[in-house]
Amino acid sequence: MLHIKTCQRRIFAGVRKLSGSKIDVNADSMLFRKIGLVGCVVGGGASIGAWAMGQQRLKDPMETEIRLRSLTPKEVYAIKSFEKYSDGRKMTKESFECAMKALGITDVKVVNSFFECFDQAHDGKISYREFISAVTLLHHKGECPKEKLKFIFDALDSNGTGVVDSDEMNSTLYSLLVARENLIHSDKAKNVLYTNSSERTTTQATGMASFDLMGMDPYMEVDYISQRQFEIYHEFPFLQGYEINDCIKKLAGRYTRNIFEFADVNKDGIITFQEFENWIKKSDKQTEFLLGIFDEFHFDNTNHKAIITDEK
């Protein structure tokens, strides 16, 4: 029987020959699976395939955790979104920008800040593991871990200075509130698509606007915006009379002022991470809002168009 190391070298050499490139066996879990498959074909390779996959699982606890536990709906959306905007292994910055634009987020600083948070290796691309790891962290339930606080703080720090000023806070909150509105719209559009498809067929026969799979038809979209404005007016009476985008701008500004009032302890116009962490621990309405807006953030894998954007 061949020595296990000799088998490994022959398998790696065979894969190299087939691919025509150098192999970094630690770089990609998919590669380990391919190596394991080749090992199953080669005599005595089944044990080597199992060894390779086992070694990768030891080195990749996040992937093991995802395999063993049930995925939340937002994590399922994330996986489908990664498949949509990546080549299956890596998501480029341009693809990430497209994913954010689909949520209505076009602010360059905000997009760049989020990309840096997702790109943990800082190699200019987001791997599948990095993507799922960030989504899982954002939607962590229970007591907020320090890693999640750091992620949120770094996302807010769009200038990358290590502190957050009011302009950064306002811009990021505005972008996230815009994304939330577009996600609410997308969810309602999906409900219409799945529950009212038979009714739409009947409606089309009457000559009304046909159902657009890229989003709601014009009538439904106008109705949605009107309904959403009414809901916002009901919750925030001081916003009555404003268009939905102006409502979101004013809400972002209001929450920014409230957050700085309580988090900026020494009133120097900036929030340090220590101030941010101490403020979060107090758990008031403002902290609940900020953590909630990040918790609600997720990528949309549908083709529904953003009804509003964060363009200034």
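1. A residue is called buried here if its relative accessible area is under 20%. By that cut-off Phe153 is buried, and Phe276 is likewise buried. Please keep in mind throughout that this is a predicted model.

2. As to the overall make-up, the protein contains 15 helices and four strands, and buried residues account for 43% of its 312 residues. Its accessible surface comes to about 17,000 Å², with 55% of that area belonging to carbon and sulfur atoms. Among the contacts between residues at least 6 apart in sequence, 63% join residues that are at least 24 apart.

3. Helix α7 spans residues 108-118, and its buried residues include Val110, Val111, Phe114, Phe115 and Phe118. At the start of α7, a side-chain oxygen of Asp107 comes to within 3.0 Å of the backbone nitrogen of Lys109.

4. The aromatic pairs deserve a point of their own, and the count comes to 17. One of them joins Phe114 and Phe294 in a stacked arrangement, with 6.1 Å from centre to centre and 10° between the planes. Because Phe114 lies in helix α7 and Phe294 in helix α15, this pair ties together parts that are 180 residues apart in sequence. Phe114 and Phe294 are both buried.

5. The pair formed by Phe153 and Phe276 is tilted, because the ring centres are 5.5 Å apart and the planes stand at 55°; for a pair to count as stacked, the planes would have to be under 30 degrees apart.

6. Which residues do ring pairs link into a cluster? Among them are Phe114, Phe115 and Phe118, together with Phe82, Phe96, Tyr128, Phe131, Phe151, Phe294, Phe297 and Phe299.

7. Leaving aside neighbours within four places in sequence, Gln286 is in contact with Tyr255, Asn258, Ile259, Phe262 and Trp279.

Definitions and conventions:
Residues are numbered from 1 along each chain as its sequence is written. This is a predicted model: local features need pLDDT of at least 70, side-chain atom pairs count only at pLDDT 80 or more; totals for chains, interfaces and linings use all residues. Side-chain values use heavy atoms; hydrogens and water are left out. Buried means under 20% relative accessible area, exposed over 50%, partly exposed in between (1.4 Å probe, protein chains only). Helices (H or I, at least four residues) and strands (E, at least two) are DSSP runs, numbered from the N terminus. A polar contact is a pair of N or O atoms within 3.5 Å; within protein, one must be able to donate a hydrogen and the other to accept it, and residues adjacent in sequence count only if both atoms are side-chain atoms. Contact means heavy atoms within 4.5 Å. Accessible areas come from the Shrake-Rupley method with a 1.4 Å probe; for residues, only the protein chains shown count as cover. Rings of Phe, Tyr and Trp (its six-membered ring) pair if their centres lie within 6.5 Å; planes under 30 degrees apart count as stacked, over 60 as edge-to-face and the rest as tilted.
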